[in-house]
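Here's a quick tour for anyone opening this structure for the first time. Take a look at it, then read on.

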Amino acid sequence: MEKAGSDSNRRVAGKPRVIVTRHLLPSVEARMEELFDVRLNRGDTPMSRDDLAAAMHECDVLVPTVTDRIDAELIAGAGDRLGLIASFGAGTDHIDLAAAAARRIMVTNTPGVFTDDTADLTMALIIGVPRRLREGTALIRRERWTGWAPSAMLGRKLGGKVLGIVGMGRIGQAVASRARAFGLEIRYHNRHRLPEAVETMFGARFEEDLDRLLAEADIVSLHCPATPQTQGLVDARRIALMKPGAALINTARASLVDYEAMIDALESGHLGGAGLDVFPHEPEVDARLVALPNVIAQPHIGSATVEGREASGEKVIANIRFWADGHRPPDQVLEALV
């Protein structure tokens with residue numbers, strides 16, 4: 001077989017050898033078996049670093065997920081035939097893109113398919129935290145509810161409150177669309193201001209100063225990518241700027257937030273609550289967060305719908321087929337250097 005990476009538009013003779021690191025939906029795996037020389041992971045046991053290194057030495061295409069850390073050392077040790085890393089998921093911070101470029105290995109992802117799913121979960125947390133849904137459910141499950149009372153289980157209404165969206169890309173805009181229907185006032189911070197017509201559509205106001213946005217918002221929802229620039233974006237200083245009783249929602253990346261500072265603010269009562277779908281050391285979740293009644297914690301399920309996972313798998317397949325046929329994949333993140 002032709003050496004991988006020798007030509008970014010090369011064509012693979014025969015079926016490409018594809019190794020998938022995690023168990024995907026049966027319909028996706030069945031299609032892969034039809035099209036590729038594929039090795040699947042139906043047991044869904046996460047690959048060790050040694051397993052990943054071995055896989056990258058013997059395949060044409062690696063299909064990792066966002067939990068597989070594909071760093072420079074692994075890429076440097078990859079076999080000559082590896083020409084494509086077709087990642088399952090929108091994020092690419094788990095892949096060293098510069099190292100892939102240096103080895104002439106193309107990288108693709110699956111953007112867009114999880115936008116609505118993640119926005120839906122975000123909206124559930126935006127509603128659930130101020131309305132104390134976790135606490136209410138706990139009362140029922142523990143059989144401690146004594147009946148309706150005028151002053152019992154009082155939360156906060158959404159209408160008229162300020163939602164601060166940090167990161168106004170696809171997901172941020174989808175959240176704004178949903179939140180507007182609940183009467184929330186939308187303000188956002190982004191690297192670049194959106195066109196006026198888009199702001200009007202969402203009823204959103206741009207705030208160039210992130211500190212000011214955090215100080216004015218009743219609920220803050222994070223939708224930034226994980227980059228060196230966004231590492232620790234919401235740190236102890238910025239958490240202190242937030243309104244007393246404000247809620248913090250994070251369905252993006254754990255690295256955006258100083259979780260120690262957030263926990264301190266939740267325990268002190270400065271923050272009124274948090275809705276979290278991502279954590280620094282997954283699958284571990286800090287016991288202090290679990291114990292706090294005003295925290296709704298979810299097991300990284302922002303994209304966990306049948307429809308979304310099927311669509312992501314279909315994008316992976318399309319990217320592999322385009323690449324193997326010598327064409328530019330539709331979701332190319334990084335063009336292999338020649």
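Is Trp145 buried or exposed? Trp145 is exposed, because its relative accessible area is 54%, and the cut-offs are under 20% for buried, over 50% for exposed and partly exposed in between (1.4 Å probe, protein chains only).

## Before we start

This is a predicted model, so local features need pLDDT of at least 70 and side-chain atom pairs count only at pLDDT 80 or more, while totals for chains, interfaces and linings use all residues. Residues are numbered from 1 along each chain as its sequence is written, and side-chain values use heavy atoms, with hydrogens and water left out.

Trp145 sits in the loop between helix H6 (133-141) and strand S6 (162-166). Helices (H or I, at least four residues) and strands (E, at least two) are DSSP runs, numbered from the N terminus.

Together with Ile140 and Trp148, Trp145 makes up a nonpolar surface patch with about 460 Å² of accessible area. Areas here come from the Shrake-Rupley method with a 1.4 Å probe, and for residues only the protein chains shown count as cover.

Beyond its neighbours within four places in sequence, Met262 is in contact (heavy atoms within 4.5 Å) with Ile239, Leu248, Val257, Leu271, Ala274, Leu276 and Leu289.

## Rings that pair up

How many aromatic pairs turn up in a search of the whole structure? There are two, counting rings of Phe, Tyr and Trp (its six-membered ring) with centres within 6.5 Å; planes under 30 degrees apart are stacked, over 60 edge-to-face and the rest tilted. Tyr188 and Phe206 have ring centres 5.2 Å apart and planes at 50°, so they're tilted.

The rings of Tyr259 and Phe279 have centres 6.5 Å apart and planes at 70°, so this pair is edge-to-face. Both Tyr259 and Phe279 are buried.

Terms used. Patch = residues over 30% accessible without salt bridge, like charges linked within 9 Å, V, L, I, M, F, W, Y side chains within 5 Å. Salt bridge = Lys/Arg side-chain N within 4 Å of Asp/Glu carboxyl O.
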